[in-house]
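Please read the briefing below alongside the sequence and the coordinates. It takes up salt bridges, a pocket and a surface patch in turn.

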Amino acid sequence: TFVAAALARRTGRCVLLVTAHIDEADEALAELAGLAAAGLAPEPALLPALESAPGEGGAALDLLAERLALVRRLAEGRAPGVVVAPVPSVMQLVPGPALLPRLLRTVRTGDRCPPRELAEWLADAGYARTEAIENPGEFAVRGGVMDVFPPGGALPVRLDFFGDDVERIFEVDLATQASDRRVEEATLVGASAEALLGDEGKLPLADLLPKGTACVVAELAEVLEQGRGYWERVSDGQSVLGVQELFKGLGRRCHAVVDVNGFSSTNASDRVVRLPVEPLPAFDDEVPKAFAALAELAAE
């Protein structure tokens, strides 16, 4: 985590941090967010792994929405400072930019957006039309007002139309169904897992990374083992890269691929840097003595 943060801060490059396990990616994201809040690292973002194998359905829509949001940022040239990804998430192909208009839509105040056309887009994207929105993936229409509850943790919004123009956008208080805080835009993500999980137009994440990206692999041996295990569990090879193909693509796209190993050695390169990192020693149970020892370490 700290190597990735230091590389991103000192080089100004986007850094892809690949971990072996999903919980490690979550921990790394939390650590990077803390460093970013202290001004010690750039903003991080997570590429979550889909919970089910492609073709089996059941993937959480919030994870799909999060993946789409990151794909859009990369496609628009707004890459985060550090992209954190467990190896299954990088092996899974992502929708290409050409698919985004079908899967992701941003509505802004002042846009010309005929309500009937938007309702058709929502229905095609997997939303259910209801009398009043209560759950993600629902929308409701009442005269010139449309309420939409996108999946993926986004807040429900109310679009107030004047003819075919979006006049105002508000957040919706689900408890009272009343308009809440006014906002200038709303991002609507497709609610259909089937539409988002199809194979058409998919590509490797590496193809969307900015040129010059640095890739940091945490514990390469474990990443390779977990990647091979995931590949064996996938019911078919569609929408998923093999581990060898994944790293070939990252090698072609990235400025450098660095593996950081604290517990194992892969002997994959003769260019080895020993980082001066070691565990803290056991401190004295008496607080003053413990702080004195800590001060000595800090001085060194």
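The notes that follow are grouped by topic.

This is a predicted model, in which local features need pLDDT of at least 70 and side-chain atom pairs count only at pLDDT 80 or more, while totals for chains, interfaces and linings use all residues. Residues are numbered from 1 along each chain as its sequence is written, and side-chain values use heavy atoms, with hydrogens and water left out.

**Salt bridges**

- The count comes to 11 salt bridges, a salt bridge being a side-chain nitrogen of Lys or Arg within 4 Å of a carboxyl oxygen of Asp or Glu.
- Helices (H or I, at least four residues) and strands (E, at least two) are DSSP runs, numbered from the N terminus.
- Arg105 is buried at 18% relative accessible area, whereas Glu117, at 34%, is partly exposed; buried means under 20%, exposed over 50%, and partly exposed in between (1.4 Å probe, protein chains only).
- Asp147 pairs with Arg142, their closest N and O atoms being 3.2 Å apart; Asp147 is buried, with a relative accessible area of 0%, while Arg142 is partly exposed at 38%.

**The second largest pocket**

- The second largest pocket holds about 310 Å³ of space, and among its 18 lining residues the closest to the centre are Ala154, Leu155, Ala186, Thr187 and Val189.
- A pocket is an open set of points on a 1 Å grid over the protein atoms alone, where a 1.4 Å probe fits, with protein on both sides within 12 Å along at least five of seven lines; lining residues have an atom within 4 Å of a point.
- The lining of this pocket divides into 11 nonpolar, 2 polar and 5 charged residues, and α3 gives the most to it, with 5 residues.

**Surface patch**

- Leu280, Phe283, Val287, Phe291, Leu294 and Leu297 form a nonpolar patch on the surface, with about 570 Å² of accessible area together.
- Such patches are made of residues with over 30% relative accessible area and no salt bridge, nonpolar side chains (Val, Leu, Ile, Met, Phe, Trp, Tyr) being joined within 5 Å; areas come from the Shrake-Rupley method with a 1.4 Å probe.
- Phe283 lies in the loop between β15 (256-260) and α10 (287-299).

Technical notes. Patches are made of residues with over 30% relative accessible area and no salt bridge: like charges are joined within 9 Å, nonpolar side chains (Val, Leu, Ile, Met, Phe, Trp, Tyr) within 5 Å. Grid points are joined across faces, edges and corners, and a volume is the space filled by probe spheres set on the points. Ala, Val, Leu, Ile, Met, Phe, Trp, Tyr, Cys and Pro count as nonpolar, Asp, Glu, Lys and Arg as charged, and the others, Gly among them, as polar.
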